[in-house]
Amino acid sequence: MIVEKVIGNVETDDIRAPHTERVFLSSDELVKRIQRVKTDHGRELGIRLREPKDLQNGDILYCDDKNMIVIQVLADDVLTIMPESIGQMGDIAHQLGNRHLPAQFEGDEMIVQYDYLVEQLLEQLGIPFRREERRVKKAFRHIGHSHD
């Protein structure tokens, strides 16, 4: 089976089937438009997305009246940063921006992939954080630029 488009997401759509198969992907794999995957039931699929869209946790790749196939993102080793003030948020956002580190935001938390140097920086700046295994909803995407 070749999947060429995402038909919905279990978190936002009412698409359901009695049985669900899962495709487990790391957050890095969410940005790949073409890949071969296997469900937790051993079914092989080809993903060849027509549109340039990142996959997300909960994306539905296939659904009929009996079965659906859904993306489930594996947990990443992340730092969850919880600044206590706008000043702390500005400080860490500036520092992470200088390192070109992608971040995600959920509520009042900033999430970055684990890096021991960032962990040391957070300790030095006194900004509350925790290291944890966490499923992110979308891929960490690096945005390139130059200093020319």
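Gln35 is buried, with a relative accessible area of 11%, where buried means under 20% relative accessible area, exposed over 50% and partly exposed in between, computed with a 1.4 Å probe and protein chains only. The structure is a predicted model, in which local features need pLDDT of at least 70 and side-chain atom pairs count only at pLDDT 80 or more, while totals for chains, interfaces and linings use all residues. Residues are numbered from 1 along each chain as its sequence is written, and side-chain values use heavy atoms, with hydrogens and water left out.

### The chain as a whole

The chain has two helices and eleven strands, helices being DSSP runs of H or I with at least four residues and strands runs of E with at least two, numbered from the N terminus. Read from the N terminus on, the order of these elements is β-β-β-β-β-β-β-β-α-β-β-α-β. The C-alpha trace spans about 55 × 35 × 25 Å along its principal axes, and buried residues make up 36% of the 148 residues.

With contact taken as heavy atoms within 4.5 Å, 68% of the contacts between residues at least 6 apart in sequence join residues at least 24 apart. The chain exposes about 9,000 Å², of which carbon and sulfur atoms supply 48%; these accessible areas come from the Shrake-Rupley method with a 1.4 Å probe, and for residues only the protein chains shown count as cover.

Gln35 is found in strand 4, residues 34–38. A polar atom of the Gln35 side chain lies 3.0 Å from the backbone oxygen of Glu29; a polar contact is a pair of N or O atoms within 3.5 Å, where within protein one must be able to donate a hydrogen and the other to accept it, and residues adjacent in sequence count only if both atoms are side-chain atoms. Not counting residues up to four places away in sequence, Gln35 touches Leu25, Glu29, Leu45, Gly46, Ile47 and Leu55.

Gly8 belongs to strand 2, residues 8–9. Leaving aside neighbours within four places in sequence, Gly8 is in contact with Asp13, Ile15, Gly58, Asp59 and Ile60.

Gln104 lies in strand 9, residues 104–106, and Ile111 lies in strand 10, whereas Ala139 is found in the segment after strand 11. Beyond neighbours within four places in sequence, Gln104 is in contact with residues including Glu109, Met110, Ile111 and Ala139.

| Pair | Separation in sequence | C-alpha to C-alpha distance |
|---|---|---|
| Gly8 and Leu61 | 53 residues | 7.7 Å |
| Ile111 and Leu79 | 32 residues | 5.8 Å |
| Ala139 and Pro102 | 37 residues | 9.5 Å |

As for accessibility, Gly8 is buried with a relative accessible area of 10%, Gln104 counts as buried at 5%, Ile111 is buried at 0%, and Ala139 counts as buried at 8%.

In helix 2, residues 116–125, the buried residues are Val118, Glu119, Leu121 and Leu122. They cover an arc of only 160° around the axis, which puts them on the same side of helix 2; the arc is that of the directions from the helix axis to the C-beta atoms. These buried residues pack against strand 8 (76–81), helix 1 (86–98), strand 10 (109–113) and strand 11 (129–134), while the face turned away from the buried side carries the exposed residues Tyr116, Glu123 and Gln124.

At the start of helix 2, a side-chain oxygen of Asp115 reaches to within 2.7 Å of the backbone nitrogen of Leu117. Helix 2 is followed by Gly126, whose phi is positive, near 70°.

### A positive phi at His100

His100 lies in the loop between helix 1 and strand 9 and is partly exposed, with a relative accessible area of 35%. Phi of His100 is near 60°, a positive value in a residue other than glycine. Most residues other than glycine have a negative phi.
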